[in-house]
Amino acid sequence: MTQQVRSLAAEVEAAVSAAMGEVVPAELAGEDPLVRRSDHADFQSNVSLSLAKRIGRKPRELAEELRVRLDAVPWIASVEVSGPGFLNITLSDAALLGRLEARQGDDRLGVPRTQAAEVAVLDYSAPNVAKEMHVGHLRSTLIGDALARVLDHLGARTVRQNHVGDWGTQFGMLIQYIDENPQLAWRGAELDDAQAAGSAVSALDQLYRDARKVFDADPAFKERAQRRVVGLQSGDEETLAAWREIVAESEAAFQQVYGRLGVLLTLDDVAGESFYNTRLQSVVDELREKGIVEESEGALCVFYDDIRGPEDTPVPLLVQKRDGGFGYAATDLAAIRYRTQELGATRILYMVDARQAQHFDMVFRTARRAGWLHDGVEAVHVQNGTINGPDGRPFKTRSGGTVRLADLLDDALARAREVIAEKDAEKGGTLDEARLDEVAGLASIGAVKYAELSTSRAKNYNFDVNQMVSFNGQTGVYLQYTHTRIASILRRAADEAAAASFDATLALAPAERELSLLLDEFGAVLDSVAATLEPHRLAGYLYSLAKAYTGFYESCPVLKADTPQIRANRLALCRLSRDTLARGLNLLGITAPDRM
């Protein structure tokens, strides 16, 4: 059964708004009731302080009039006026328990499909062919994956787009170098390695570096490589065959990493730079017809009066080069036109480093001039900061190179295995080697994902493996462990737990109330993630939920409760906590294990 369950916060807002309608002038009755959670009651409204001066009233007097009307609401237990005019609102236990019963009886936990009208295209990850994925790809990949999951769960039609870097002059250089050095092994089938695809892209990465050295040092090779670029762009079959092989090996390596991370991207989601090749000239032609591009030193560019360089010179958006080649902007513009006109996007989200802000600002403005973006379509640069090392400095290898993403995950796995083995030893050593490896794998990926997604995406953060895999504090491992503790209680209660339901006649202990109020917020939190494109709101909520459950577990006996009715009520609370925590972790792409 699926039903929409309105949150208690929304009910309180509606009740305060209704009271405002009876007390304040009609033109102000629709103002925000300013309801939020409170340490002094279940909810607090500050609306009296906001409106009093505007209508010439004292805040406490206005608050008192609102209190009288709210006192008449049957599911509100008490309303108090405090301080200069705050309304402290406490709900009845029956209202809380009734709401939890409705959520538990729904296969979506009462979460409505609030994004059902949206077609959301998400552009994320975007590694470069013939290069290994590095630490810089982690943020875009995980943020995009979490947003795709949340938007999909809220009913949007989500279209994942992996805009891989699979075209350009660099491929002419690489193909020519490989052609002239046939003895060099780089294909997965040629490599004696269990991770052949990963080894292939690693070999290609090195070949690219070697080719670049020759290209810079040998004018004759440079000329041959440039002819190879012409062959690639003109459709020479031999060159295209080599290019396809390089792309296929690289994509297999990317899928290896995606599989390890447990993200949703597949080969079907790839729409790389080459996908738009046949669309580029028509994009330029349309921009020219609409008078949007202008010639500058032989190239076609778009300029903006308010975007200036360091010497107050206009900054161009390069669409077509003087030699007829196309700039990155042409591909991005072609992507926008395709996504709006052919995919029907109402929302296009780009999970890309914040340093690309000016580029996307110019691309979006150009697309609006062209009419490809309009009032019915929102394009958003979902900016992210950078990942630093544990010392807060830019993340580099000892030699100063870029850190491979696979190496980062290996480090997390090794440390997670150590920590889980230590924890298991404390419990008497119940995990065999195979199970230890399995749990360490789940915990390490969960740790990496939670560390990423619990940080505001716009901020930089430090990648500290020791902190990430801790069982204490705000970590993915702590959330996973909390889930296993709940699962353990429910296993011990067996059939009784599965049948347990909420009893609205019972009184709630403080820890039960706190947990219940948090459980009721789940849908509102997901709506907040969809609106702000900030997955850390869900990550932070899940940590608060896990902490509230821990407080409940420590102060409210479940299996040894005083009466069968209280035991059943608390088992139902455990079950809804487990289901909400598991659903939330899944929306972050984190596995919720039953045992650790």
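This is a predicted model: local features need pLDDT of at least 70, side-chain atom pairs count only at pLDDT 80 or more; totals for chains, interfaces and linings use all residues.
## The chain as a whole

Let's start with the overall picture. The chain carries 21 helices and 13 strands, and its C-alpha trace spans about 85 × 65 × 45 Å along the principal axes. There are 596 residues in the chain, and buried ones make up 52% of them.

How far apart in sequence are the residues that touch? Take the contacts between residues at least 6 apart in sequence: 73% of these join residues at least 24 apart.

## H18 against H20

Two packed helices are described by the angle between their axes and the distance between the axes. For helix H18 (residues 510–519) and helix H20 (residues 536–555), the angle is about 155° and the axes are 9 Å apart. Angles over 145 degrees count as roughly antiparallel, so H18 is roughly antiparallel to H20. The crossing of this pair is left-handed.

On the H18 side, the contact uses Ala511, Glu512, Glu514, Leu515, Leu518 and Leu519. H20 answers with Tyr541, Ser544, Leu545, Ala548, Tyr549, Gly551, Phe552 and Ser555. Sorted by class, the contact of H18 with H20 has nine nonpolar residues, three polar ones and two charged ones.

## H4 against H18

H18 also packs with helix H4 (residues 93–104), here at an angle of about 45° and with the axes 10 Å apart. That angle makes H4 oblique to H18. The crossing of H4 and H18 is left-handed.

Which residues meet here? H4 brings Asp93, Leu96, Leu100 and Arg103, while H18 brings Arg513, Ser516, Leu517 and Leu519. In this contact of H4 with H18, four residues are nonpolar, one is polar and three are charged. Leu519 of H18 is worth a look in the viewer: it takes part in the contact with H20 and also in the one with H4.

## Arg99, in H4

Staying with H4, Arg99 has its place in this helix. Is Arg99 buried or exposed? Its relative accessibility is 17%, so Arg99 counts as buried, the cut-off for buried being under 20%.

Leaving aside neighbours within four places in sequence, Arg99 is in contact with Val5, Arg6, Ser7, Leu8 and Glu11, as well as Asp520.

Helix H6 (residues 169–180) has 12 residues and reaches 17 Å from first C-alpha to last, close to the 16 Å expected at 1.5 Å a residue. Its buried residues are Phe171, Gly172, Met173, Leu174, Ile175, Gln176, Tyr177 and Ile178.

Not counting residues up to four places away in sequence, Arg228 touches Gly172, Ile175, Gln176 and Asp179, along with Glu238 and Thr239. Arg228 has a relative accessible area of 11%, so it counts as buried. How far is Arg228 from Thr169 in space? The two are 59 residues apart in sequence, with 8.9 Å between their C-alpha atoms.

Ala334 lies in helix H11 (residues 328–341). With a relative accessible area of 2%, Ala334 is buried. Beyond residues up to four places away in sequence, Ala334 touches Tyr276, Arg279, Leu280 and Val283.

Ala334 and Asp312 are 22 residues apart in sequence, and their C-alpha atoms are 29 Å apart in space. Where is Asp312? Look in the loop between strand E8 (299–302) and strand E9 (317–320). Its backbone deserves a check too: phi of Asp312 is near 60°, a positive value in a residue other than glycine.

## Ala494, between two helices

Ala494 is another residue other than glycine with a positive phi, here near 50°. Ala494 is found in the loop between helix H16 (476–493) and helix H17 (495–499). As for accessibility, Ala494 comes in at 43%, so it counts as partly exposed.

Terms used:
Residues are numbered from 1 along each chain as its sequence is written. Side-chain values use heavy atoms; hydrogens and water are left out. Axes are lines fitted to C-alpha atoms, for helices over the stretch in contact, and angles run from 0 to 180 degrees between N-to-C directions. Helices (H or I, at least four residues) and strands (E, at least two) are DSSP runs, numbered from the N terminus. Angles under 35 degrees count as roughly parallel, over 145 as roughly antiparallel, 65 to 115 as roughly perpendicular and the rest as oblique. A crossing is left-handed if the near helix is turned anticlockwise from the far one by less than a right angle, and right-handed if clockwise. Contact means heavy atoms within 4.5 Å. Ala, Val, Leu, Ile, Met, Phe, Trp, Tyr, Cys and Pro count as nonpolar, Asp, Glu, Lys and Arg as charged, and the others, Gly among them, as polar. The expected span of a helix is 1.5 Å times one less than its number of residues. Buried means under 20% relative accessible area, exposed over 50%, partly exposed in between (1.4 Å probe, protein chains only).
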